[in-house]
Amino acid sequence: MAKNATNKVSVWQSLRNAWKVKDIRSKLIYTFVMLVLFRLVSVIPAPGVDIARLNEAGMKDLPLLQLMNMMTGNAFSQLTIMAMGVSPYINSSIIMQLLTIAIPALERMQKSGPDGQKKIAQITRYVTVVLAVIQAIGLVSSVGFIKPGWYNYVLVGASMAAGTALAMWMGERITENGIGNGISLLIFVGIVVNLFSGYSNLLITAIQNPTFGNWLKFVGVLLLALVMILIVTFIDMGVRRINVNYAKRVSGRKMYGGQSSIIPLKVVSVGVLPLIFAYSFMAFPGTIIQLASKPTSGLYQWWMNNMNATSPLYMIICALLIIAFTYFYSSISFQPDEMAKNIQQQGGAVPSVRPGKPTADYLKRINNRLVLFAALFLAVLATLPNIITEAAQVQIPFAASSLLIAVSVALETKRQLDDMLVARNYDTLS
């Protein structure tokens, strides 16, 4: 009963209830302080960067850098020590996840229990630092804002890698001592800062030039964001429940089983990864062309005219990539054969489905339907802001990935907060 009641409690009510519990209140304060420190550190300029030239020329309008800036809350456009944010950690985590499937030794290490997972996490941290150094030097030097001298390249790589290591440490401390997933919350804060900056610019434009069109754009973009947040929230909370009945079995004088449980399959189980993969895949060639080609070259002109974010060709290719990456990631993250085997070993069975291979085929069929819906939903969600931008000729200060990340992190943090309250038998939730 308490679990059902928590689903009806609003975010603000959950926070008010949590504030009344001393240990949860301490976790909330700890999380808030760490997030504030993260944002304060994000304004410290990185040594080795030509700040005067950066302020004069500004950050180049490159697709890959826009994606990086969105993930870091404008820290990359200012080239601070937090310019890389936690993106190298995300990349290294994805790399390690794929390697555990491709390399048997890593797969055995991951399945060997807490010690093996701890070793995997330690390797992920080392890979994160190496990626941060390479990524920092490569991206900052590509836009031409590193001061002359080899030592400045070292300073940029070391300082931004240190910033990433600090962000990674803050995220792990939040996960351990605070509320929610720390890495996700750091990304969430960056997205919120980026959204606030974008809406502030629209509001300032409307105030300085108070025409009906400017105010209509501001209100329209705000309403669009609210509608998309509601839709994303509704879809993100969607779950396909599969009933499993367990047979009774006797062991000694005790009887086990005879109960039923539910296997929840999320409607969008792949999260935001297909969007990030697709955006990165589309941004990389555009960034290389803009850096390596002259503005007067034919390739540069063709790419800018036909592969910009609002062009039909770009949106079609991006949607197809999102669908492909959704199916790819689902194929490596969802294992119906192993799930069916575990159900059979525990004496369970899906109603009207035979154990073993028929159960695996049933789970695979259900998952394929969910993946199809998720792929189409993410493709529409990714292209809709670009279509509205082109039709209304207004710059929308958010992307589909940013909204999906923000909503997912907020909902997951609320679930964890409610679970902590229920675990303490907080009577106001019943």
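This briefing describes selected helices, a sheet and several side-chain arrangements. The structure is a predicted model.

**Helices**

- Helix α6 covers residues 87–102, and its 16 residues should span 22 Å at 1.5 Å a residue; the end C-alpha atoms lie 23 Å apart, which agrees with that expectation.
- The buried residues of α6 are S87, P88, Y89, I90, S92, I94, M96 and T100.
- Helix α2 runs through residues 11–19, and within this helix S14, N17 and A18 are buried. These residues cover an arc of only 100° around the axis, so they sit on the same side of α2.
- An α-helix has 3.6 residues a turn, so residues three or four places apart point the same way.

- Strand β1, residues 239–246, pairs with β5 in the antiparallel sense over two bridges.
- Y246 has G348, in β5, as its bridge partner.
- In general, the strands of a sheet pair through backbone hydrogen bonds, either parallel or antiparallel.

**A buried serine**

- S330 belongs to helix α14, which comprises residues 312–333.
- The relative accessible area of S330 is 4%, and S330 is therefore buried, as the cut-off for burial is under 20%.
- Leaving aside residues up to four places away in sequence, S330 touches V270, N367 and V371.

**Aromatic rings**

- W150 counts as exposed because its relative accessibility is 66%, whereas Y151, with a relative accessible area of 47%, is partly exposed.
- The rings of F373 and F377 have centres 6.3 Å apart and planes at 5°, so this pair is stacked.
- Both F373 and F377 lie in helix α16 (residues 357–392), where they are four residues apart, about one turn of the helix.
- F373 is partly exposed at 39% relative accessibility, while F377 is buried at 12%.

**A charge over a ring**

- R25 lies over the face of W19, at 5.9 Å from the ring centre.

Conventions
Residues numbered from 1 in each chain as written. Predicted model: local features only at pLDDT ≥ 70, side-chain atom pairs only at ≥ 80, totals over all residues. Heavy atoms only, no water. Expected span 1.5 Å × (residues − 1). Buried < 20%, exposed > 50% of the residue type's maximum accessible area, 1.4 Å probe, protein only. Arc of directions from axis to C-beta. Pairing = 2+ DSSP bridges. Contact = heavy atoms within 4.5 Å. Phe/Tyr/Trp six-rings, centres within 6.5 Å; stacked < 30°, edge-to-face > 60°. Lys NZ or Arg CZ within 6 Å of the ring centre and 35° of its normal.
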